[in-house]
Amino acid sequence: MILHEIETAARDQIESLQLERLQQTASLVYRSVPFYRNHFEQRDLHPDDIRSLADLKMLPLTTKRDLRDHYPFGLFAVKQEEMVRIHASSGTSGKPTVVGYTRNDIDMWGSIVARAIAMAGGMPGSVLHNAYGYGLFTGGLGLHYGSEKLGMITVPVSGGNMDRQITLIEDFKPSVICGTPSYVLNLAETIESQGKDPAALSLEYGIFGAEPWSDKMRDTLENKLGIKACDIYGLSEVIGPGVAMECPESQDGLHVAEDHFLIEVINPDTLEPMPEGEAGELVFTSLTKEAFPIIRYRTGDIASIRHGKCSCGRTTVKMSRVKGRVDDMLIIRGVNVFPSEMEHYLLELEELAPHYQLHLKKKGPLDTVELHVEVSQKFFERASGDIGHDYILELTSKVKRVMKNRCLVSMDVSVREPKEIPRSEGKAIRIVDLREEAVLP
Ligand code: DLL
């Protein structure tokens, strides 16, 4: 295992490095980004007033809205000729959010991702199959540069074309596979449908992220592919993948790259800090970025943080796995629930395949949720290729019961035949909002 010095440093050492870098970032944004300079001036502050990490809280939070209001380049801190790359996140509505990188940023990001891949089991000289999408999305190129920096033989396959993915895995014999968990599940099932055993392939480690996934989904992927699967977190506004990475030793929370990012957890309603160990919205400040430094960015992601020494030897703060986004939380008859929590319990039912969707509908003035689940191929075949009426009724009430007992929500359930729920081509679509359509005349 390769451990970088900072990953095992004492807390005061980590914090003094963070403070030094925070002061540099504060000076940079004050000098170069009018949006942030205004924040200082409106509060009668100067970057020299940041004397401790806690002083950061004197500055306001930055939101996705702020990024959209300054579309495309309004929050960049360097001249265009100093930049070498742009990424953007598609967003579900309105303009995308655009982020930029200098050559140093690309280099630094590559080192962060290299560290993350090494943490998960990647080794120089072995092969990494990168099935994250290449393009404006940060997943493909983010993992790519990190993998090369680590000295791995990088296969830039991107998403799509399952048959080609399978041939390349069979022929190039990668030890590491990267992709969204839902897409890699789709890949594993396609291999099975060809009568082959995905666990017999060369793969040993999986680096999965870009969407919430449950521990049960981890079990499914690990068993199907015969790998150790770890969670990678990141977002384009902060840099891309690599902001935090789970170690295979504990598989219990993700180590934040604290020498590059400062993490806070706030209550999304009151904006007050959450006590250690309690879930809230993650907020990040970049400490080493040049082109697109970001101060106190509200991610919308729900998780908690925990300090202490991990069984892998690292001392960097760990964030829990992301439960979901603030805006993906469903309130069903007064109960708050995230799709990833439902996933955990659904995957305990062997009659079901690990695919599901939540359809939001309108019934009169009320919002309703219908959970779509898919019967597994094995059970479908056992019912002689035709799911009888009784069987469906039985399974439907079983799923309803599980949701009621484990997630404490009552909801409509619709059991679908194998392959009826659309398969992931990247980030899985778990919530389908049909409410707009419902109110059309
Ligand atoms: O998804 C960056 C990334 C690429 C991370 C590849 C990991 C692997 P965006 O497209 O900007 O960037 O989307 C960021 O995705 O705010 C979370 O809501 C979600 N997300 C990312 N990683 C995880 C994860 C990339 N490990 C948004 N668990 C974030 C849960 C995740 N959600």
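**Figure 1. Strands β10 and β11 (residues 280–286) run antiparallel and are joined by six bridges.** The model shown is predicted: local features are described only where pLDDT is at least 70, side-chain atom pairs count only at pLDDT 80 or more, and totals for chains, interfaces and linings use all residues. Residues are numbered from 1 along each chain as its sequence is written, and side-chain values use heavy atoms, with hydrogens and water left out. Helices (H or I, at least four residues) and strands (E, at least two) are DSSP runs, numbered from the N terminus. Two strands are taken to pair if DSSP finds at least two bridges between them. Within this pair, V265 stands opposite L282 in β11.

**Figure 2. An open sheet is formed by four strands in the order β10-β11-β12-β15.** The pairing in this sheet is antiparallel. In general, strands of a sheet pair through backbone hydrogen bonds, either parallel or antiparallel.

**Figure 3. T285 lies in strand β11.** T285 has a relative accessible area of 0% and is therefore buried; this term means under 20% relative accessible area, with exposed meaning over 50% and partly exposed in between (1.4 Å probe, protein chains only). The side chain of T285 reaches the backbone nitrogen of R296 at 3.0 Å. Such a polar contact is a pair of N or O atoms within 3.5 Å; within protein, one atom must be able to donate a hydrogen and the other to accept it, and residues adjacent in sequence count only if both atoms are side-chain atoms.

**Figure 4. Strands β7 and β8 form a hairpin with four residues between them.** The two strands run antiparallel and are joined by four bridges, and G234 stands opposite P241 in β8. Strand β8 (residues 240–246) is mostly covered, as seven of its seven residues are buried. Strand β8 is also joined by three bridges to β9 (residues 254–256), and this pair runs antiparallel. Here M245 has H255 in β9 as its bridge partner.

**Figure 5. The ligand is surrounded by 21 residues.** The closest residues are D231, I232, S236, D301 and K427. Strand β7 (228–235) and helix α5 (138–150) each supply at least two residues of the shell, and the largest share, five residues, comes from β7. The shell divides into nine nonpolar, six polar and six charged residues. Ala, Val, Leu, Ile, Met, Phe, Trp, Tyr, Cys and Pro count as nonpolar, Asp, Glu, Lys and Arg as charged, and the others, Gly among them, as polar.

Key:
A residue is near a molecule or strand if one of its heavy atoms lies within 4 Å of it.
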